[in-house]
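Here is a walk through a two-chain model, going from the overall layout down to single residues. Have the viewer open while you read.

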Amino acid sequence: MADVLAWLTDPANWSGQGGIPAQALAHLRYSVIALLLACLVAVPLGLYVGHTGRGRVVAVNIAGAFRAIPSLGVLFIAVLLLLPRLRGELAFEAPSIIVLVLLAVPPVLSGVYAGIEQVDPAARDAAHGMGMRPWQVLAQVEVPCALPLAIAGIRSGMLQIIATATIAAVVGLGGLGRFLIDGQAVRDYPQMAGGALLVAALALGTDLVLGLAQRAVVSPGLTGGTGLRARSATALDRRLARG
Amino acid sequence: MSLLGVDLATVLELGQDHLLLAGVPLLVGLALAIPLGWLATRRGWLYPPLVAGTGLLYTIPSLALFILLPGFLGTRILDPVNVLVAMTVYTLALLTRTVADALLSVPGHVRQAATAMGYGPARRFLAVDLPLAVPVISAGLRVAAVSNVSIVSVAALVGVSQLGSLFTDGFNRNAMGPIVVGVIGCVVLAVLFDLVILLVTRLLTPWKVSAS
């Protein structure tokens with residue numbers, strides 16, 4: 001463990017193109033791009049399925065089935081299929097990013113859809129009764145009420161992306177995963193463990209930031225107040241609070 | 001016999017390793033999550049730290065955990081024990097919250113009826129609370145099982161052999177066959193876990209059969 005600390009504090013590892021800050025930024029950049037692309041697909045789809053109830057069975061089953069498919073296998077298949085067909089720098093990044101997006105779609109989709117679906121029918125009816133148009137009901141009632149579950153889905157999608165982006169170092173993607181894979185290639189355990197600590201820190205930090213964002217955007221009317229409980233408030237939490 | 005260029009005996013052997021690496025932690029994790037979840041419901045102030053604490057463990061990416069554990073456990077990096085411990089950690093992370101929420105979902109009047117009938121706390125927990133919590137726990141266990149099967153395959157990158165080894169093997173030889181066989185093997189295994197959990201749940205909750 002002392003060697004790991006030595007690796008982490010060695011100034012040589014903190015500078016240059018392959019340094020820790022550069023790789024952490026690369027990791028974060030791939031992850032954010034993949035998350036945004038996944039949201040671009042999954043959020044409208046989730047809103048549609050949740051609002052209309054159409055395609056519900058398909059959405060649930062696809063989301064469930066995708067969990068069973070191992071990300072490492074999908075990653076290798078994507079690279080073997082796409083690498084010969086792509087050129088330039090994109091050839092090494094595109095297959096990995098496609099897989100990252102693919103793996104994040106199911107959690108985001110099921111979060112958004114489940115969030116919309118669990119909205120209190122009375123609130124929806126009241127909105128209709130007040131003369132709101134369907135899209136107003138969606139935007140002003142259903143979406144705000146769905147935010148806790150939707151963001152939970154986005155958070156688990158992001159964790160999936162960060163974990164898979166780490167693995168993707170094995171097929172040449174940059175990022176903190178490089179230290180894990182390159183360290184293993186030269187049997188340098190301090191580098192592997194140091195990289196692993198950084199990856200864990202990145203995952204925890206990102207989840208913390210998204211958790212704070214969730215606290216900021218979710219209406220206090222839904223969470224029943226502020227404080228620790230507000231972050232993960234569910235019906236069960238509230239039942240617990242009542243004792 | 002071979003399947004897409006992979007020896008069937010090898011597939012079965014790797015599948016067996018995979019089954020153990022994903023299955024044993026599932027049982028150990030459940031056995032640990034039940035007392036933890038119980039504790040979280042008995043002492044309300046323990047609920048947030050226990051659920052958030054175990055939840056944090058789940059955010060650690062699998063490859064990072066596989067590599068970090070030898071440093072903590074003093075094991076070799078190729079040791080399958082690392083994978084077993086890591087998968088137990090992930091199972092525990094998923095199930096502590098599930099068990100706590102499942103126990104909270106037992107209706108208050110049922111618990112009161114049990115107490116009125118003279119059940120002590122321990123007997124009430126084993127004979128009333130836990131059986132009624134089975135459906136919710138089983139739903140969480142199914143998620144954990146599927147996620148375990150998928151995560152175990154990553155251990156191929158640290159040299160622990162299981163179905164994921166077919167991925168690295170196929171990738172290194174630029175051969176699609178082994179990778180596809182590995183993916184199919186993982187999915188079959190996940191479905192198998194799912195069916196077993198559903199069956200056991202049905203046996204443990206005989207009152208549900210007529211209802212559904």
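## Chain B at a glance

Take the contacts in chain B between residues at least 6 apart in sequence: 70% of them join residues at least 24 apart. This is a predicted model, and chain B averages a pLDDT of 92, with 98% of the residues scoring at least 70. For the complex, the predictor gives an ipTM of 0.87 and a pTM of 0.88.

Chain B holds nine helices and two strands. Reading from the N terminus, the order is β-β-α-α-α-α-α-α-α-α-α. Its C-alpha trace spans about 65 × 45 × 20 Å along the principal axes, and 46% of the 212 residues of chain B count as buried.

## Chain A at a glance

Taken along the principal axes, the C-alpha atoms of chain A fill a box of roughly 65 × 45 × 30 Å.

Of the 243 residues in chain A, 45% are buried. Looking at contacts in chain A with a separation of 6 or more, 69% come from residues 24 or more positions apart.

## A helix pair in chain A

How do helix H5 and helix H7 of chain A cross? Their axes, for H5 (residues 90-117) and H7 (residues 134-167), come within 7 Å and cross at roughly 160 degrees. Anything over 145 degrees counts as roughly antiparallel, and H5(A) and H7(A) are therefore roughly antiparallel to each other.

The crossing of H5(A) past H7(A) is right-handed. In the contact of H5(A) with H7(A), the residues divide into 18 nonpolar, eight polar and one charged.

## A covered helix: H8 of chain A

Helix H8 of chain A (residues 177-185) is mostly covered, with seven of its nine residues buried. Those buried residues are A:Gly177, A:Arg178, A:Phe179, A:Leu180, A:Ile181, A:Gly183 and A:Gln184.

What do the buried residues of H8(A) pack against? In chain A they meet helix H2 (20-52), H7 and helix H9 (189-217), and from chain B they meet H3. Just after H8(A), have a look at A:Arg187, which takes a positive phi of about 55 degrees.

## Where the chains meet

In the interface, 36 residues of chain B are in contact with 35 residues of chain A. On the chain B side, helices H2 (47-58), H3 (62-73), H4 (80-104), H6 (121-152), H7 (164-172) and H8 (176-204) each supply at least two residues. The largest share of that side, seven residues, comes from H8(B).

B:Leu14 lies in helix H1 (residues 8-42) of chain B. Is B:Leu14 buried or exposed? The cut-off for buried is 20 or more other C-beta atoms within 10 Å; B:Leu14 has 22 of them, so B:Leu14 is buried.

Leaving aside residues up to four places away in sequence, B:Leu14 touches B:Ser161, B:Gln162, B:Leu163, B:Ser165 and B:Leu166. B:Leu14 and B:Ala155 are 141 residues apart along the chain, and their C-alpha atoms are separated by 12 Å.

Technical notes. Residues are numbered from 1 along each chain as its sequence is written. Chains are lettered from A and ligands numbered from 1 in the order in which they are written. This is a predicted model: local features need pLDDT of at least 70, side-chain atom pairs count only at pLDDT 80 or more; totals for chains, interfaces and linings use all residues. Two residues are in contact if their C-beta atoms, placed from the backbone, lie within 7 Å. Helices (H or I, at least four residues) and strands (E, at least two) are DSSP runs, numbered from the N terminus. pLDDT is the predictor's confidence in each residue, from 0 to 100. Axes are lines fitted to C-alpha atoms, for helices over the stretch in contact, and angles run from 0 to 180 degrees between N-to-C directions. Angles under 35 degrees count as roughly parallel, over 145 as roughly antiparallel, 65 to 115 as roughly perpendicular and the rest as oblique. A crossing is left-handed if the near helix is turned anticlockwise from the far one by less than a right angle, and right-handed if clockwise. Ala, Val, Leu, Ile, Met, Phe, Trp, Tyr, Cys and Pro count as nonpolar, Asp, Glu, Lys and Arg as charged, and the others, Gly among them, as polar. A residue is buried if 20 or more other C-beta atoms lie within 10 Å of its own, exposed if 12 or fewer, and partly exposed in between; C-beta atoms are placed from the backbone.
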